[in-house]
Each structure stands twice: as structure tokens, then as C-alpha cells.
Amino acid sequence: MNVIFVLCEGPHDAQFVGRLLLESKKFSIYNSNLSNYPFPVGEFFQGKLKNRSVGDLRLGKPDFPLIPMGAYNNHDASTLVFPVSLGGMTKYDSTREFISELEVVFSPDALQVERSQIKSLSILLMYDADSRGAENTTKLFIEKFSGFYDLASDVAGKWIKVRDHHVSLFVFTDADGQYGVLEDTLMKLFKKKAHHYIDNLTQHFDKNFEPRAIDGDLVAYEAKKKKAILTTCGQLEPRIAGSALTVVVRDSNLLTDAFDFSEHQSIHSRLLERIESI
């Protein structure tokens, strides 16, 4: 069994991965108690929860350990996928620390000693291109992980063997393939079932959204506007009314059957292909 940790910038990015897997009809929710997970997966997650210092927490501002927001396995039970929210692209130190933990827990020696069902570890990191562009985002990733990972630019297009595991980078862009964010993909998917809602909300927010600062980043500004549009669109469904975008991405009926995997060059198809290709 292969274990894939998908390290995402934020929580709705992680939920997007889970929704993508489910909509592909090739994966299901891995609905098991932690105590029943194959060794050492459950023990690793339980340890992170038990070792969290409660005394360091502040009421109203919980700081949870890096654990997955979901678990998914493919239908032949050969792969487990765990999307994890990093809490932002710039959390490089905590990301490296988390990967180091994974390397120890899922080292070949540790797995062999315990005769684990887990045979390999893979780590996929996902970032938005933003206004930097896809190429510069890849360069930034390589720079920030220099000394930890020694990688070439092709890490953004395939899996690379590093020490005892595989690593890859996936960069979200808009249609031009250069700049953009995950929300560009979500807008396209939502439009398939709610085109008129999206159009009306776009007109509303174009008129009423707080103006961009003179020196503000245009891509980042438009991304926030799209988050507002997508979150508002999700309020049309009574069962998730009042929910944040994280819940909307996970549960909205507007995404049901919206993923067309015959569009082989689409962002969602390429992401699924990357996950399945290891």
C-alpha cells in the first residue's frame, strides 16, 4: 500500500483534493477509526494529537497539529491519500519539520521491522501560482527547500525520488497556465451548474467589493473576490447555509458531477493524474 500526503496551502485546498478524489469515482472515504489504520499511520496521527501541548493553546485561536483533513483510499486498496492543510504557503519551517517526521515514521527500515502494509511514502505539495507565475513558484519552492530537497524544475511535472520517498509539486494556475489560484478552477466548476448565479454574484461583487489598494496585488485581490463569490454561491443550499468555503467545497451539490475528467488538460484532471501516477 502506498501512502500519499498532499500538503496544501489552506483548508479549502485540502477539501478540494478530497472532493476531486470522490468525484473521480476512483476513491472513497477511508472510514475507519485511527486505531484500525494500518501501522504506523494511526499511531502517527494519535501521537501528534496526544503530544500537542494544551497549555500553549489560546481560547478562540486553536492551533491544531498538522494532521489530515480527510482520508481516501482507491478501490483496490493500494493507495491511501491524506490531504493536509499547512496554514499558508510561507509555513516552510513547519512543512520541512512535518516531512522530516514522515520520513522517520515511514522509513523503509521502520516499515520492514513492523511488517507494515505500508510499502512506500509519497509527498505532493500544492501551491498557487499567484502573480508570481508557475515558473517562479517552482523556483521559489526549490529555493525554500534547498538543502532539504535538492530538486530540479521538473519536480513540478512529475514524481522525483528523494532519499526513501517520492516528492512532487503541483501548481494551480488559471486557463493561461501561468498565473492564478485554485479559485480559478473552482469558478469554472461551479459555473457548470450555477452559471447565472456566478454571473450575478460576479456583477454584485465587482460593484460592491472593497476597492483594491493602489499598490495591491491584482491576482490576490481577484482571488479574494472569487472566494467571496464561491462562498456566497454555496449559501443557496439550506443544509450548508452559513458555512465557510471549506464546507462548501466539501459538501456543495454544485460540484457533484461537475468534474469532467475527459478534459485531460484541465487542472483537476492533471491533479488526479499526478496522484494516480505514483
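This is a predicted model: local features need pLDDT of at least 70, side-chain atom pairs count only at pLDDT 80 or more; totals for chains, interfaces and linings use all residues.

My entries go from the whole chain to single residues.

**Overall build.** Along the principal axes, the C-alpha atoms fill a box of roughly 60 × 45 × 40 Å.

I get 48% of the 278 residues as buried. For contacts with a separation of 6 or more, 68% come from residues 24 or more positions apart. The accessible surface is about 14000 Å², and carbon and sulfur atoms hold 50% of that.

**Aromatics.** How many aromatic pairs are there? I count 23. I looked at Phe-5 and Phe-45: ring centres 6.2 Å apart, planes at 75 degrees, so I log the pair as edge-to-face, since that label needs over 60 degrees. Phe-5 is in strand S1 (residues 2-8) and Phe-45 in helix H2 (residues 41-50), so this pair ties together parts that are 40 residues apart in sequence. Buried or exposed? Phe-5 is buried at 0% relative accessibility, and Phe-45 is buried too, at 5%.

Next I took Tyr-30 and Tyr-37. Their ring centres are 4.9 Å apart and the planes are at 90 degrees, so this pair is also edge-to-face. Tyr-30 comes out buried at 18% relative accessible area, because the cut-off is under 20%. Tyr-37 is buried with 9%. I then found both pairs in one aromatic cluster: Phe-5, Tyr-30, Tyr-37, Phe-44, Phe-45, Phe-82, Phe-98 and Phe-106.

**Ser-122.** I went to strand S5 (residues 120-128), where Ser-122 is found. It counts as buried, at 1% relative accessibility. Leaving out residues up to four places away in sequence, Ser-122 touches Asn-2, Val-3, Ile-4, Phe-5, Trp-159, His-166 and Ile-278. Phe-5 from the aromatic cluster is one of those contacts.

**Val-155.** Which stretch holds Val-155? I find it in the loop between helix H5 (134-144) and strand S6 (160-162). Val-155 is buried, at 0% relative accessibility. Its contacts, not counting residues up to four places away, are Thr-138, Phe-141, Ile-160, Val-167, Ser-168, Leu-169 and Arg-274. I also took the C-alpha separation from Val-155 to Asp-130: 18 Å, for 25 residues along the chain.

Most residues other than glycine have a negative phi, and most peptide bonds are trans, so I went looking for exceptions. I found a cis peptide bond joining Phe-39 and Pro-40, with omega about 5 degrees. Pro-40 is in the loop between strand S2 (27-29) and H2.

For positive phi, I noted Lys-25, near 65 degrees. Lys-25 sits in the loop between helix H1 (11-23) and S2. Asp-130 has a positive phi as well, near 55 degrees, and lies in the loop between S5 and H5.

Key: Residues are numbered from 1 along each chain as its sequence is written. Side-chain values use heavy atoms; hydrogens and water are left out. Buried means under 20% relative accessible area, exposed over 50%, partly exposed in between (1.4 Å probe, protein chains only). Contact means heavy atoms within 4.5 Å. Accessible areas come from the Shrake-Rupley method with a 1.4 Å probe; for residues, only the protein chains shown count as cover. Helices (H or I, at least four residues) and strands (E, at least two) are DSSP runs, numbered from the N terminus. Rings of Phe, Tyr and Trp (its six-membered ring) pair if their centres lie within 6.5 Å; planes under 30 degrees apart count as stacked, over 60 as edge-to-face and the rest as tilted.
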